[in-house]
Amino acid sequence: MAWEDDWRRVRAIAKKDLTTELRAKAGFNGVASLAVTILILLGLALGPDADALRNAAVGAVWLATLFSGVLAFNRSFQVELESGALEPLLLYPGPRWTIFAGKLLANFTFVSLMVAIVMAAGIVLFGITIPARWPMILAVVALGVVGLVVLGTFYASMASRSRAREVLLPLLLFPMLVPVLLAATTASKALLGADLMHEAGAWTRLLIGYDLVFLIATFIAFEHVIEA
Amino acid sequence: MARLLARAPLRAPHSMYNGQPDQAIDARGIGRRFGIRWVLRGVTFGVGRGEVAALLGPNGSGKSTVLRILGTLLRPNAGTATVNGRDIVAQAASVRGQVGYLAHTPGLYDDLTARENLLFAADMLGLPHASVDGNLARVGLGEVAGSRVRGFSAGMQRRLALARLIMRSPSVLLLDEPYANLDENGVELMNSVIRDVIASGGAALLALHELAPARAILDRTLTLIEGRIATTNSERAVRERASLATV
């Protein structure tokens, strides 16, 4: 069955990426530490005002995720390039979208774990009370992570062949992530409060639409981007 | 004369062998540029089934580029090529399933063990995991199967890359400096792998700096100079003459 072969390849790439990341010294620990450090610095910059901290908490968590996520995306293709493993990877039979899907799955797992740590740190540092509608907030966070990971992985593949990839990736990625950041922070904020204006639903729908459009577009475009 | 020789395939390009085209590799007028610099300017040659050909030439002459184009890793800017009768651009996916390409760098994952590297290859190729240990033993890495590749010497990494290549069961080998970092046993191992592919009706194209390790298996050399095939020589004829003289 072709889809079983494709799914096996996707799992193999995701497993390989996660294993190498967990074994690399500068892997998950480094990226998660950076995210928490950014959160602490933002907290210090905002000062001791408890209300100001609570108001800024959602934005701070998303920004910390975004900045540290860029490191993770860069690494996902750096591993292939460091040892010249990208060419053998491209030479395996089967559709190339499976490579993208495998990287996507690995990055989604990686960033989700990181977000869990950042959110826990944010709750403690910014004094957030967990609301009754926490499953809705988790859904919004998951949608935001999907948007971040889809675009992050795609632009990392695009920048991977450039010598200036560390600089190029944020330059390409950050402007594209504005709608994700805006929708995710506004929906999360609304759900953390009373959502008197019923904003959360509209922003969540925008997030779903954005994720779907870019999920399809990046899968189609990946084959052309990864070709030399 | 040299150009005429370069253009003349050993066998007729459209004849068939066991239902397959007689020419395993058929390159016609391949051109490739990087930026404004043309590295290949109309490379034309053929490699027949059961034939081992070597691409020679100075650094920067385009040997690796030819192999990467035939391996579907680069698209040519001009010309066409087929591998086992399949177009390398229009039928790239099919070509990828038939070639075994070995690059300068082994392309292994340093933080995975030798076995894990091959298990990953097995998953990507849809092969049973049971095939891995036999391949590791064949290249002499059975005892270090559980060690991370980061600690391997360049020669051991080359052997592991060779084991991964064997797993693909390729019918056309594209080998870029295949003997680099290999000891005497490694050279013999590489040659035995090439012989096996040839014996099963395959073909091999090797990019070489040094001809000596490949002398025993080579049929023909093609010299690439300034992006064109400048000369072709039959190594087989030289060997046959040498053996006759010995007799």
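A:Arg8 sits in helix H1 of chain A, which covers residues 2-23. Helices here are DSSP runs of H or I, at least four residues long, and they are numbered from the N terminus. The model is predicted: local features need pLDDT of at least 70, side-chain atom pairs count only at pLDDT 80 or more, and totals for chains, interfaces and linings use all residues. Residues are numbered from 1 along each chain as its sequence is written, while chains are lettered from A and ligands numbered from 1 in the order in which they are written.

Is A:Arg8 buried, exposed or partly exposed? A:Arg8 counts as partly exposed because it has 17 C-beta neighbours inside 10 Å. A buried residue has 20 or more other C-beta atoms within 10 Å of its own, an exposed one has 12 or fewer, and partly exposed lies in between; C-beta atoms are placed from the backbone. Leaving out residues up to four places away in sequence, A:Arg8 touches B:Asp123 and B:Gly126. Contact is taken as C-beta atoms, placed from the backbone, within 7 Å. Eleven residues along the chain comes A:Thr19, and its C-alpha atom is 16 Å from that of A:Arg8.

## Where the chains meet

The contact takes 20 residues from chain A and 21 residues from chain B. On the side of chain B that touches chain A, helix H3 (92-96) and helix H4 (114-125) each supply at least two residues. H4(B) gives the largest share of that side, four residues. By type, the side of chain B that touches chain A holds eleven nonpolar, five polar and five charged residues. Here Ala, Val, Leu, Ile, Met, Phe, Trp, Tyr, Cys and Pro count as nonpolar, Asp, Glu, Lys and Arg as charged, and the others, Gly among them, as polar.

## The largest nonpolar core

The largest nonpolar core has 135 residues. Such a core is a set of buried Ala, Val, Leu, Ile, Met, Phe, Trp, Tyr and Cys residues joined through C-beta atoms within 7 Å. B:Leu55 and B:Leu206 touch the most other members. Helix H6 of chain A (residues 134-159) gives the most to this core, 15 residues.

Beyond its neighbours within four places in sequence, B:Leu55 has several contacts, including B:Lys63, B:Val66, B:Leu206 and B:Leu224.

## Two helices of chain B

In H6(B), B:Gly155, B:Arg158, B:Arg159, B:Leu162 and B:Ile166 meet B:Gly186, B:Leu189, B:Met190 and B:Val193 of H7(B). The residues of this contact divide into five nonpolar, two polar and two charged.
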